[in-house]
Every structure is written in C-alpha cells, then in structure tokens.
Amino acid sequence: MTTISKAGALTAALLIGTSTFAWAAPPAGSKLTVATIGEPATLDVQLSPVILVQEITQHMFETLFALDAADVAKPLLAAAMPEVSEDGLTYVIALRDDVTFHNDAPMTAQDVAASLTRWTTVNSKGKAAAAYIDAIEPTGDHEVTIRLNERFAPLVAMLSQYSVIMPESTLADPLVEFVGTGPFRLQERRPDQYIDLRAFKGYTSPEGDANGYAGSREAMVEQLIFTPVPDANTRVEGILAGQYDYADSLPISAYDRLEASGVAEPVVLKDSGWMSLNMNMKEGVLTDPRIRQAVANALNSDDLMAAAFDNPEFFTVNGALFPESSTWYSDAGMDIPSEGDMERAAELLEEAGYDGTPLRILTTRQYEFNYKMAQVAEVYLEMAGFAVELQVSDWATLTSRRGDPAAWDIFITNSVFPPDPSMHNTFTAAYPGWYEGEGKDAALATYLGAVGDDAQADAAAALQAQFFADMPIFKVGDFNSLSAASTKLEGLEPAVWPFFWNVSVGN
C-alpha cells in the first residue's frame, strides 16, 4: 500500500529526486496507461478548474511557478521567485531562457504576458486577480512585470495553478491548438476513447530535485495514455487485470482486493479533498439566505460522509474550510451540529415562506461517493420539508450544466484544498454558485491586505465566519482518496493531481 500525507510526500519526493536537465529519450515503445473517471469537457485548463482537466493537462502545459509537497511555490518556467517592490505592488519575474514550446518556438516574454492576460479574462481565479492587476507587460526579452493597484498576497500561489503559458499565436477562445511547454505533448485526442500524449524531445527540465509538482521533470515513457473509464468497478477490474497502469478515484470497498492482488497496490492520499453541496445564489429558491441556512441545518454530515465513503478511516466530518492538519484550520463561525438541526431547518423554511419549489440537485455516478451523498441528502432535505429533484448525469455534462444559473439549485462536488484561503473556488464570484456580497468582499479585502502570519490567520478566521453567515455552500467533510498503481510503476509520487513525469514502467 502507498499512503502519503503532504509531509510524507515531501520525503518521498526527495527520495525520488533526480537532477536530469537535458532531454533523454525514454525506452522505445514504452507506454503508461491511466484510467480516469471520465472524459474531460475541455483541455483548456485556463477555462476550466475541473480536477480531471488539471490532472491531464499538467503534463502538457506549465505555469511560471509550481507548488512543492509543502504547498510552497517554486520556479517552474520562471527563472527565480519574483522580485517584489517594497510597497508590494510590483512583481518583476525573470523567465528561463531555455524553454521551447511544442511547436518548437522559444518561449518569449510576449507569450507569457499574453497568456497571463488571457488567464485574467477566462479563468475564475484569474478574473478575481484581475481586479488587483493594473498591467501585465514584457519588460525584457526574458522578463515580465505585473503591476498591482492593491496588495494581493495570493498572487504567486495563483500563478502556480491554471495560469498556464502558451504561444501567443495559439491563444483563442475557444482554444483549437493545445501547445504547451510540458514534458509531454498532445498527439491525438479521441473523445470517449483516449488522449494520447507523447514525450516531448525539446523539453528542458527546471533545476532542483523533484519535490511535489516542483523541481526536476523527465518523461520516462514514450507514450502516456489517459483513458476515460466512467464506471469505478470497471477501473478496479482493469487495473487488477493489468489493462491499466494507474486507476484513479476508486471505491473504498476495493481496498482489500487491491492490497492482496500482487499486481497493483492501493494509493491512499490523506486529506486529499473535501465534499460540498454548492448552492445557487444567483437564481432560484436558494437566493434567499434563510433557505440556504435551512439546507445546512437539515443535513446530517455524519450520515452523508458515512454513505459516501463507507469506511470511517477514509473520512472526517469537518465543516471548516481546511482540515485540522492544515495551518489554516479554524472553527470560527461553526455553529451547526454535524448531525444537523431539523427543527431549526423547519423554522427557517416557514420564516422564508418556502413554497415547495423543488430543489434541483446535480450529481454524477462517475464519482460514486458524489452520488451516494446526493441520495442521503435527498432523504434529509425531504424530511425537513423540501421537495427535491435529483438530476444524474455524467461528470462532463454536470460541469457544463452548472455554468447555467437557470438550470440548477445545488450541485455536489469534491474539491482539493487550495494553498491559500482566498483561493477556495467559492470565494470567486465567477465560479458556479456566484457568491457575492458586501460582507464577503470586506472580509476578503481584509485578508488580502493582511501582513504577517498572525494578521493573516485572524483575517482568514473572519473570512470563514462570514462564509458561514452567508452559507454559499455546505461543507460536509474531508476525505482520503483511493487510487491504485501497478506494481510495475517506478518513481510514482502520490499526489492529489497524479502526475506521471519521473515515472517509468518496469517489467
């Protein structure tokens, strides 16, 4: 079994560490096949914050910075960490001069500025950052400068995710060319069949030992295939049969079979994510905050997490925005019991004059725990007096439909923990749910302008308290994820977004 915490990931990464900076051809005919939970709706990761999109495209596209195993940003396409002016408003970023795109063109400062500008217009976090950015401009052949109108503490953390760099000539909405700088390039995509990536001969690795998503990267197989396998049990049987080298997001019930198989081993990542019921604050019945509070009071978190994950060793009931293992953990504002308060829920519904309009809940069976949680939520909400309409679809359809505020009231999702409190998707007004309000804006502004650890911690706690007052989502709990890797894999470092550079397939 491979079980790893973030601290353990750091140790594992250091053990894996390599120092290869020049491209070395992987063995001829070598191939690694990954079974994913489904087909990504897009490969444009700037456009979509979906985990599956990030998981696949991180092999093709890279960012200026990447997070190490302790969630600390390190240079990736940048040559060093940014030089920040004393007033915190100017970030000068030196770029590596040895980076080549998959179309064999060198990466320029103009490409970087254009890519980051697009990120601020199409990505939910980029749009949030845009409010603080006055200019993004090339200020040298290998230098980009970002000028802010206010201090913005999470900027570098944000530049470590989704803000990928592409050639300016390929930027379009939507993208029709998928050209990045990563260790693998796109060879072919056949929707619902496979995404075929190939080792990129022009790749030059960043310096430093491998450490989380940072440090040395090397394509050690010629071909990397992502195959959508929506049925979780089929993914289990496929890896046990040797059909896949890695299978993502498996049911907890498969753990014992994997451990005993001899051909695959379970991969467990502690506090890898969290579950939530996200509510529509833009249109429909949940625009009334009293009804959102009624939803929260009606639900029994203990039962929802137990139904979703079966084994209590794989989940923790926790309504806070971060797990207790995080330095950002706080219990500020948490006053709803984990078993719910049905009487209070009924009072809130009566006070709000709820008229019986059905709550439309989007869910999917591709994440089996997502579907099981929806079934239990349906029961509790109906007990409280809600009418409920469960809408089950594939994950790609769900992520597409949730962009339409007229189409739903709640969607159930799982998310990974961000490196910074302000980077929770739900605080982004453009993210489905459309959380807006003067209280949130004020609390967020206080956090973003806070200087020093104590001031940031206090501001983060106040931000969480505001979150509970507004209840844009109902945070249910944290979970450990289960995946599986072939015993033939060498060099795999378990990660929330599993990556396959530095990974080879033995005999």
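Helices (H or I, at least four residues) and strands (E, at least two) are DSSP runs, numbered from the N terminus. The model is predicted, and local features are reported only at pLDDT of at least 70 and side-chain atom pairs only at pLDDT 80 or more, whereas totals for chains, interfaces and linings use all residues. Residues are numbered from 1 along each chain as its sequence is written, and side-chain values use heavy atoms, with hydrogens and water left out.

Helix H14 spans residues 453-470. Its 18 residues reach 26 Å from the first C-alpha to the last, close to the 26 Å expected at 1.5 Å a residue; the expected span is 1.5 Å times one less than the number of residues. Residues of H14 that are buried (under 20% relative accessible area, with exposed meaning over 50% and partly exposed in between; 1.4 Å probe, protein chains only) include Gln456, Leu463, Phe467 and Phe468. An α-helix has 3.6 residues a turn, so residues three or four places apart point the same way. The buried residues of H14 pack against helix H8 (289-298), helix H13 (438-449) and strand E18 (473-486), where contact means heavy atoms within 4.5 Å.

The packing of H13 on H14 has an angle of about 165°, and the two axes are 8 Å apart. Axes are lines fitted to C-alpha atoms, for helices over the stretch in contact, and angles run from 0 to 180 degrees between N-to-C directions. H13 and H14 are therefore roughly antiparallel to each other; angles under 35 degrees count as roughly parallel, over 145 as roughly antiparallel, 65 to 115 as roughly perpendicular and the rest as oblique. The crossing of H13 and H14 is left-handed, a term used if the near helix is turned anticlockwise from the far one by less than a right angle, with right-handed used if clockwise. On the H13 side, the residues that meet H14 include Lys440, Leu444 and Tyr447, and those they meet in H14 include Ala459, Leu463 and Gln466.

Met471 follows H14 and lies in the loop between H14 and E18. Most residues other than glycine have a negative phi, and most peptide bonds are trans. Met471 is not a glycine, yet its phi is positive, at about 50°. With 2% relative accessibility, Met471 counts as buried.

E18 pairs with strand E13 (residues 264-279) in the antiparallel sense through 12 bridges; two strands pair if DSSP finds at least two bridges between them. Within this pairing, Glu265 has Ala485 of E18 as its bridge partner. E13 is also joined to strand E17 (residues 410-415), again antiparallel, by six bridges, and Met275 is bridged there to Asn414. E13 is mostly covered, with 13 of its 16 residues buried.

A separate description applies to an open sheet of four strands, which has the order E5-E6-E8-E7 and antiparallel pairing. Strand E5 (83-84) and strand E7 (133-140) stand at its edges with a single partner strand each, so one side of each has no neighbour in the sheet. E5 is joined to strand E6 (residues 90-94) by two bridges, and Glu83 has Val92 of E6 as its bridge partner. Helix H3 (residues 109-122) packs on the sheet, where it touches E7 and E8, and its direction makes about 165° with that of E7.

Arg151 is found in the loop between strand E8 (143-148) and helix H5 (155-158). Its relative accessible area is 39%, which makes Arg151 partly exposed. Residues up to four places away in sequence aside, Arg151 touches Glu86, Asp87, Gly88, Leu89, Tyr132, Leu448 and Val451. The C-alpha atoms of Arg151 and Thr90 are separated by 9.2 Å, although these residues are 61 residues apart along the chain.

The loop between H5 and E9 contains Tyr162 and Pro174. Tyr162, which is not a glycine, has a positive phi of about 70°, and at 6% relative accessibility Tyr162 counts as buried. Pro174 is joined to Asp173 by a cis peptide bond, with omega about 0°. Strand E9 (residues 184-190) then pairs with strand E10 (residues 194-199) in the antiparallel sense over six bridges, one of which has Phe184 and Ala199 as partners. E9 and E10 form a hairpin with three residues between them, and Asp192 in the turn has a positive phi of about 70°.
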